[in-house]
Amino acid sequence: MKLTEFIKEKPGFSAAIVFVVGLVAILLLAMLAASITFRRAEVASIYNNVKVKITGIESRSDIWGQNYPREWETWKKTQEMDFKSKYLGNMPEDALGARPDMAILWAGYAFARDYSAPRGHGYAIDDMRATLRTGAPVDGAPDLQPGTCWTCKSPDVPRMMKEVGVENFYKGKWSDFGAEVVNPIGCADCHDPDTMSLTITRPALIEAFERHGKDIRNATLQEMRSLVCAQCHVEYYFKGDEKYLTFPWDGGITMEAMEAYYDKNEVTDWVHAVSKTKMLKAQHPDYELFLLGAHGQRGVSCADCHMPYISEGGVKYSDHHVMSPLKNVSSTCQTCHRDSEDNLIGYVYERQDKVLEIRNRLEPELAKAHILAKLAWDSGATQEEMADAQKLIRQAQWRWDFGVASHGASFHAPIETQRVLSHGLDKALLAQLTLKDVLYRHGVTEVTLPDISTKEKAQAWIGLDMATLKEQKAGFMEKVVPEWIKTAIQNNRLSAPQAQ
Ligand code: HEC
Ligand code: HEC
Ligand code: HEC
Ligand code: HEC
């Protein structure tokens with residue numbers, strides 16, 4: 001079935017060559033599957049030697065670490081910051097500073113305040129507390145985010161969900177859980193302590209499957225090696241006043257299917273402060289886009305590249321240092337590809353370069369569309385006149401965000417990502433044309449665009465008082481966070497190395 005699809009995609013190819021290539025690919029995957037099965041026996045012997053008995057939802061990874069020292073030692077490396085590839089790596093990077101147009105694109109939304117490229121799992125809690133997007137709930141100042149916001153950060157989340165109920169967790173205030181959700185993404189997020197099998201701990205993924213009539217517990221091990229990641233690395237939204245975490249997958253997982261879902265359910269994440277458009281914020285559809293790429297279609301899993309097997313003194317285990325596979329091409333890509341390290345890295349960069357070329361075209365055009373919309377409003381345009389342009393802006397930005405927010409997509413699924421971004425560019429330019437008509441009707445024939453060439457200028461232009469926001473955050477970091485940590489330590493909730 002998959003093979004025939006492949007032949008259809010490349011009609012110019014000799015069927016024989018395609019068949020042989022396909023066979024090799026299938027053989028590789030079969031070998032992988034066999035090695036996984038063989039490993040189950042190996043793994044079983046590890047469990048018989050456990051030192052501590054783990055019961056309930058144990059969110060302190062150091063406790064698990066006593067039983068599984070190799071996984072624990074490699075897991076801790078998610079706190080390293082020592083690698084930079086051409087575009088990514090494990091260091092935080094001020095993305096708004098590098099591409100200030102994004103401050104315009106998110107005007108009126110917390111992302112315009114602060115947005116950094118992700119780093120390792122070990123920083124999930126630190127980064128969530130420190131970002132200006134969570135505001136400064138201190139001295140009675142209100143929360144900016146609901147409890148839902150913690151969902152993809154910590155194994156304390158399933159623990160708290162069990163304690164207070166899933167609905168109550170989501171609709172609670174973010175700061176309600178500050179002294180409870182304290183450990184970054186860890187063992188209990190992905191493993192059942194009794195069997196060490198991979199398990200799904202986030203209700204939203206289970207529920208999304210259920211709405212398709214599927215029981216996620218029937219997933220194969222190879223599927224689970226991606227599904228554990230799909231608990232967090234997916235598109236989602238906070239549904240209704242209850243802020244119930246929901247995946248918009250009911251009609252499918254393509255960009256268009258999710259947009260149709262949001263339109264049908266009249267979902268608006270925020271109203272844009274410049275163009276007054278009802279906007280959507282894409283999260284990070286890594287899993288969905290991955291499935292549409294060459295590796296996803298062949299049944300390769302996230303763990304194959306991001307958690308490769310390591311052999312050490314006769315023991316084979318999974319590298320729990322989840323990061324860019326380019327740091328260690330020999331244990332990632334070269335497990336399956338007989339090609340040089342330089343070539344393999346070159347393939348990744350070539351795809352990223354080409355996708356980002358379209359992204360870099362799209363971002364300024366989309367920012368310009370928002371600004372032209374503001375000028376149209378200022379010149380007296382009516383809601384009726386603006387409706388078409390606003391629809392195009394919403395669509396353009398959804399396409400942009402969908403293609404960009406999934407940082408790995410330019411390699412995982414370069415063709416699909418480029419398709420999505422190209423449609424974004426098309427819609428952004430159409431929005432500008434439509435707005436120029438509106439402006440013309442109101443007698444505006446010449447426009448001067450603001451200087452938004454740096455993050456500071458762009459943030460000032462959209463009216464953000466960054467000095468105050470930063471000052472409030474500093475107060476929160478100084479007064480509130482140490483209290484949260486102190487309480488967590490008193491209640492014996494914190495794992496090493498955080499607790500040390
Ligand atoms: C519980 C939620 C959660 C799960 C499960 C999860 N991630 Fe993540 N992942 C995150 C968050 C949050 C970040 C960003 C952390 C930060 O920047 O502070 C992240 C960051 C990353 C990064 C960037 C690391 C770097 O060094 O820049 C990669 C790669 C990644 N995840 C891959 C995976 C893979 C592969 C899986 C499955 C094996 C997975 N993640 C499972 C939430 C999760
Ligand atoms: C983001 C999800 C995720 C997290 C977090 C995670 N694991 Fe794993 N773990 C996996 C995956 C995927 C495998 C590979 C399963 C397979 O192929 O059988 C695995 C395998 C294992 C195995 C089986 C032997 C091996 O290494 O393949 C052990 C033991 C294990 N993990 C322990 C831990 C411990 C201890 C922690 C916390 C320090 C942890 N894991 C955190 C996803 C995770
Ligand atoms: C065939 C190998 C491969 C597979 C399979 C794969 N990835 Fe990736 N992933 C990569 C490469 C290569 C990059 C780009 C790394 C770089 O540029 O340094 C990347 C980047 C990422 C990033 C961005 C990291 C950052 O620093 O911002 C995330 C997140 C990610 N992948 C998650 C996933 C998830 C989730 C899955 C499964 C749904 C997955 N990957 C499957 C190879 C893979
Ligand atoms: C678990 C095995 C596996 C791993 C690990 C793996 N690949 Fe692949 N890769 C495949 C398979 C299978 C295909 C599809 C081959 C086919 O059908 O011809 C593929 C196809 C490709 C292609 C051609 C598809 C396209 O996008 O046009 C490139 C390039 C590629 N891989 C690069 C990489 C790089 C770089 C890495 C490491 C980051 C990597 N692969 C890791 C199995 C793997």
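Is the crossing of helix 17 and helix 18 left-handed or right-handed? The crossing is left-handed, that is, the near helix is turned anticlockwise from the far one by less than a right angle. Before going on, note that this is a predicted model, where local features need pLDDT of at least 70, side-chain atom pairs count only at pLDDT 80 or more, and totals for chains, interfaces and linings use all residues. Residues are numbered from 1 along each chain as its sequence is written, with chains lettered from A and ligands numbered from 1 in the order in which they are written.

Back to that pair: the axes (lines fitted to C-alpha atoms, for helices over the stretch in contact, with angles from 0 to 180 degrees between N-to-C directions) of helix 17 (residues 341-378) and helix 18 (residues 383-405) come within 10 Å and cross at roughly 155°. Helices here are DSSP runs of H or I, at least four residues, and strands are E runs of at least two, numbered from the N terminus. Helix 17 and helix 18 are therefore roughly antiparallel, a label for angles over 145 degrees.

Now for the ligands. Ligand 1 has 23 residues around it, and Asn 90, Asp 127, Cys 229, Cys 232 and His 306 come nearest; "around" means a C-beta atom, placed from the backbone, within 6 Å. Helix 16 gives this shell its largest share, three residues.

Ligand 2 is surrounded by 26 residues, with Glu 71, Cys 187, Cys 190, Tyr 317 and Ser 318 the closest. Two or more residues of that shell come from each of several elements, including helix 2 (15-47) and strand 6 (315-318).

Methods:
Angles under 35 degrees count as roughly parallel, over 145 as roughly antiparallel, 65 to 115 as roughly perpendicular and the rest as oblique.
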